[in-house]
Amino acid sequence: MPFLGQDWRSPGQSWVKTEEGWKNYSLDDKNSNDSDVSYCKTEDECFQENLRLSVTYDMAAKKRRKDCMNNNAKIPYFHKEKWIYVHKGSTKERHGYCTLGEAFNRLDFCSAIKDNRRFNYVVRLLELIAKSQLPSLSGVAQKNYMNILERVVQKVLGDQQNVRPIKELLQTLYVSLCGLVQDMGKSVLVGNINCWVHLSMENILQWQQQLDNIQINRMSWTGTGMTLTDLPASLQLNIMERLSDGRDLVSLGQVTPDLGQLTEDRLLWKRLCQYHFTDRQIRKRLMVSDKGQLEWKKMYFKLCRCYPVREQYSETLQFCTHCHILFWKDTNHPCTANNTESCCKPVSPQGFINLFKF
């Protein structure tokens, strides 16, 4: 039987059921062999056959329109509820289990990246998925992943902020895809491998080039014309204390010699070490200079290579221990508990991944 689908092309032939079985007749054969072939049908049989063909063609047309919309659309799949019930096994009430890809589709990450409080959280989650969880996503989830990543890059190009984390994310994803493409026998990427090589990986290289060519405009306070270097040194140090990443301090110190001298302040690096690491970890990695002083800056980068840094986000996903629902903080979820705040706990990006490990 011929296959009716998105890529079906009719050669001008049709299958006709005869007494001897199904036979394939072209249009020319029908015209020339009408006298030889017994091809007689009643009016009712013709009506029924036309009805079946009409239904078949309508279904094929709907499928083609749906596939075309899914392939061309840049909008991820949305769901009415912005929360998801996390269950790891079948019960009498629910059948099946929740996967990482399903949670990635159901939770509204497109709106989350527009919120500055959630942006770093989503970027970190995308990086963790790129490192090890990309093959576990379904085809729809992988498509949503690339669409959300494209929106993240466009936001960074427009805002000219958070450039370095996105560069690291793209580099991590590119390295992971290179490993998966070269090792297809062990890992599976849903879809055509050529699409991943020629589309996804080329897009990543193009985004990396755009981020490398970005030029950050010099900003000044509206109405005053003042910049950071115009402030007193005490205020500059106060602003530097708000930075939680030592690489930001190093980058800031490369702007002007005066800022470079301020970023070498030992107290700044001491507070960074005490913020990210425990006293026991610091005692194991002590570094003393020739003058007998602790090298807090060198200790910080050495500790970063040995231990994970502390992650802090303005807003994260919440998990309700009473109803086992994962949701954003401002999303209403159907919880029957009297005190929902006591049973809701913040979920870190790594905790989000661990929820769906079996």
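This is a predicted model: local features need pLDDT of at least 70, side-chain atom pairs count only at pLDDT 80 or more; totals for chains, interfaces and linings use all residues.
The secondary structure comes to 16 helices and six strands.

- β4 covers residues 317-320. Leu317 and Phe319 point one way, while Gln318 and Cys320 point the other way. All four of these residues are buried.
- In β6, cysteine 344 is the bridge partner of cysteine 320.

**Strand β5 and its other neighbour**

- β5 is covered on both faces. Ile325 and Phe327 lie on one side, Leu326 and Trp328 on the other, and all are buried.
- Strand β3, residues 83-85, pairs with β5 in the antiparallel sense. Three bridges make up that pairing.
- Tryptophan 83 stands opposite phenylalanine 327 in β5.

**Two residues with positive phi**

- Most residues other than glycine have a negative phi.
- Histidine 324 is not a glycine, yet its phi is positive, at about 55°. Histidine 324 sits in the loop between β4 and β5. The hairpin of these strands has four residues between them.
- Histidine 324 has a relative accessible area of 36%, so it is partly exposed.
- Glutamine 160 is also a residue other than glycine with a positive phi, near 60°. Glutamine 160 lies in the loop between α6 (139-159) and α7.
- Glutamine 160 has a relative accessible area of 23%, so it too is partly exposed. The cut-off for buried is under 20%.

**The second largest pocket**

- The volume of the second largest pocket is about 1,200 Å³. Its lining has 29 residues. Closest to the centre are Ser244, Asp245, Arg247, Val309 and Arg310.
- Five helices each supply at least two lining residues: α5 (116-133), α7 (163-182), α10 (246-253), α12 (266-276) and α14 (296-306).
- α5 gives the largest share of the lining, with seven residues.
- By type, the lining divides into 12 charged, 10 nonpolar and seven polar residues.

**Tyrosine 275 in helix α12**

- Tyrosine 275 belongs to helix α12, one of the helices that contribute to the pocket lining.
- Its relative accessibility is 26%, so tyrosine 275 counts as partly exposed.
- Tyrosine 275 and arginine 310 are 35 residues apart in sequence. In space, their C-alpha atoms are 7.5 Å apart.
- Beyond its neighbours within four places in sequence, tyrosine 275 is in contact with Ser244, Arg310 and Gln312. Ser244 and Arg310 are also among the residues closest to the centre of the second largest pocket.

**Lysine 297 in helix α14**

- Lysine 297 is found in helix α14, another of the helices that supply the pocket lining.
- Its relative accessibility is 27%, so lysine 297 counts as partly exposed.
- Lysine 297 and arginine 266 are 31 residues apart in sequence. From C-alpha to C-alpha, the two are 7.2 Å apart in space.
- Leaving aside neighbours within four places in sequence, lysine 297 is in contact with Val250, Glu264 and Trp269.

**The chain as a whole**

- Contacts with a separation of 6 or more come 61% from residues 24 or more positions apart.
- The chain exposes about 23,200 Å². Carbon and sulfur atoms supply 50% of that area.

Notes. Residues are numbered from 1 along each chain as its sequence is written. Side-chain values use heavy atoms; hydrogens and water are left out. Contact means heavy atoms within 4.5 Å. Accessible areas come from the Shrake-Rupley method with a 1.4 Å probe; for residues, only the protein chains shown count as cover. On a 1 Å grid over the protein atoms alone, a cavity is a set of points where a 1.4 Å probe fits but cannot get out, and a pocket is an open set with protein on both sides within 12 Å along at least five of seven lines; lining residues have an atom within 4 Å of a point. Grid points are joined across faces, edges and corners, and a volume is the space filled by probe spheres set on the points. Ala, Val, Leu, Ile, Met, Phe, Trp, Tyr, Cys and Pro count as nonpolar, Asp, Glu, Lys and Arg as charged, and the others, Gly among them, as polar. Buried means under 20% relative accessible area, exposed over 50%, partly exposed in between (1.4 Å probe, protein chains only). Two strands pair if DSSP finds at least two bridges between them.
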